[in-house]
Amino acid sequence: MGILRFFGLCLRAVIMAALVGGALAFAAVPSPYRAFTPELYDLTEAAPNVYIDDPAAAPRVLKMIAAAEDNVAAFFGELQTDPVWVLCTTTDCEDRMGMRANGMTYGFHLILMGPRGVNEMILTHERVHAELHRYMSITDVLGPKFPAWFDEGLATYLSGDDRPWMPADARESDWILEAKDFFSWVRLREGRDWRDSYGAAARLVAEIEQVAGRDGLRDLIRRVGENGEDFDAVYAEVMGR
């Protein structure tokens with residue numbers, strides 16, 4: 001065996017060992033990414049594209065999902081996405097999946113819910129994200145078609161969530177306009193109560209509907225999502241700025 005071939009085989013062995021070891025370590029650490037393979041973590045398929053940790057809770061949860069989808073369809077019309085739902089109704093499942101939030105939506109493909117999020121309001125919130133995300137791709141992580149404040153504000157507003165603090169004067173919410181992407185959204189939320197940022201975002205979405213009507217809000221989404229127009233330009237036009 002030549003010396004170069006010997007070193008080549010050794011290098012390949014080291015790389016393979018690193019990849020396998022990394023994969024095993026990743027699988028061993030609780031993480032929301034486990035939701036992409038729910039069957040491996042003791043979740044049962046209760047209906048097509050719906051996985052749950054407690055099959056006995058499935059009838060109740062399926063009714064809530066149906067209600068949430070009806071709520072979202074009332075705004076968007078016939079739904080164009082069909083995400084996989086992965087639902088934890090217990091803290092054991094929540095810990096197993098590495099959940100740190102009530103709900104998480106990955107693109108328009110997957111919705112992962114923790115036990116505090118398994119209710120019609122938060123299911124609706126996450127389903128709004130999935131439907132809006134049908135217009136978005138991997139390139140939208142850094143430069144999203146729809147800014148993070150609008151994404152979160154629309155989901156909060158359409159879900160009817162009354163927990164966030166929505167200022168009476170919409171101009172008190174303008175600070176949230178700086179939340180263009182996920183990272184700036186996280187940065188702006190630092191040191192603030194979550195109800196402050198979500199309330200500000202929802203207040204600005206509510207203002208769009210007040211000025212342009214619900215059809216105007218839908219049209220903004222259509223122009224940006226389907227026509228590819230710049231969000232800030234369309235937003236300024238709709239708001240007369």
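Is Cys93 buried or exposed? Cys93 is buried, with a relative accessible area of 0%. The points below start from that residue. Keep in mind throughout that this is a predicted model.

1. **The disulfide.** Cys93 has a partner. A disulfide joins Cys88 to Cys93, with an S to S distance of 2.0 Å. A search of the whole structure finds 1 disulfide. For a new reader: a disulfide is a covalent bond between the sulfur atoms of two cysteines. Cys88 is buried too, and its relative accessible area is 0%.

2. **Its handedness.** Look along the S-S bond of Cys88 and Cys93. The torsion about this bond is about -50°, so the disulfide is left-handed.

3. **Glu94.** Glu94 lies in helix H3, which spans residues 91-96. Its side chain is of the charged class, yet Glu94 counts as buried at 6% relative accessibility, because buried means under 20%. Which residues does Glu94 touch, leaving aside neighbours within four places in sequence? They are Cys88, Met99, Pro115 and Arg116.

4. **Strand E5.** Now turn to strand E5, residues 110-113. Both of its faces are covered. Leu110 and Leu112 sit on one side, Ile111 and Met113 on the other, and all are buried.

5. **The partners of E5.** Strand E3 (residues 84-87) runs parallel to E5, and 4 bridges join them. Val86 has Leu112 as its bridge partner in E5. Strand E4 (residues 103-106) pairs with E5 in the antiparallel sense, over 4 bridges. Here the bridge partner of Gly103 is Met113.

6. **The hairpin.** E4 and E5 form a hairpin with 3 residues between the strands. Check Gly107 there: Gly107 takes a positive phi near 55°.

7. **Val61.** This residue lies in helix H2. At 1% relative accessibility, Val61 counts as buried. Leaving aside neighbours within four places in sequence, Val61 is in contact with Ile52, Leu87, Thr89 and Val118. Take Val118 from that list. Val61 and Val118 are 57 residues apart along the chain, but their C-alpha atoms are separated by 7.3 Å.

8. **Helix H5.** How many of the 11 residues of H5 are buried? The count is 10, in a helix that covers residues 148-158 and is mostly covered itself. Among the buried ones are Trp149, Phe150, Asp151, Glu152 and Leu158. What covers them includes helices H2 (58-76), H4 (120-132), H6 (182-189), H7 (194-225) and H8 (231-239). Just after H5, Gly160 takes a positive phi of about 70°.

9. **The largest pocket.** About 1400 Å³ of space lies in the largest pocket. Its lining has 40 residues, and the closest to its centre are Met104, Thr105, His133, Glu152 and Phe182. E4, H4, H5, H6 and H7 each give two or more residues to the lining. Which element gives the most? That is H6, with 5 residues. By class, the lining has 20 nonpolar, 10 polar and 10 charged residues.

10. Glu152 is one of the buried residues of H5. Glu152 is also one of the residues closest to the centre of the largest pocket.

Key: Residues numbered from 1 in each chain as written. Predicted model: local features only at pLDDT ≥ 70, side-chain atom pairs only at ≥ 80, totals over all residues. Heavy atoms only, no water. Buried < 20%, exposed > 50% of the residue type's maximum accessible area, 1.4 Å probe, protein only. Contact = heavy atoms within 4.5 Å. Pairing = 2+ DSSP bridges. Disulfide = S-S within 2.5 Å. 1 Å grid on protein atoms, 1.4 Å probe; cavity = no way out; pocket = protein on both sides within 12 Å on 5 of 7 lines; lining within 4 Å. Points joined across faces, edges and corners; volume = space filled by probe spheres on them.
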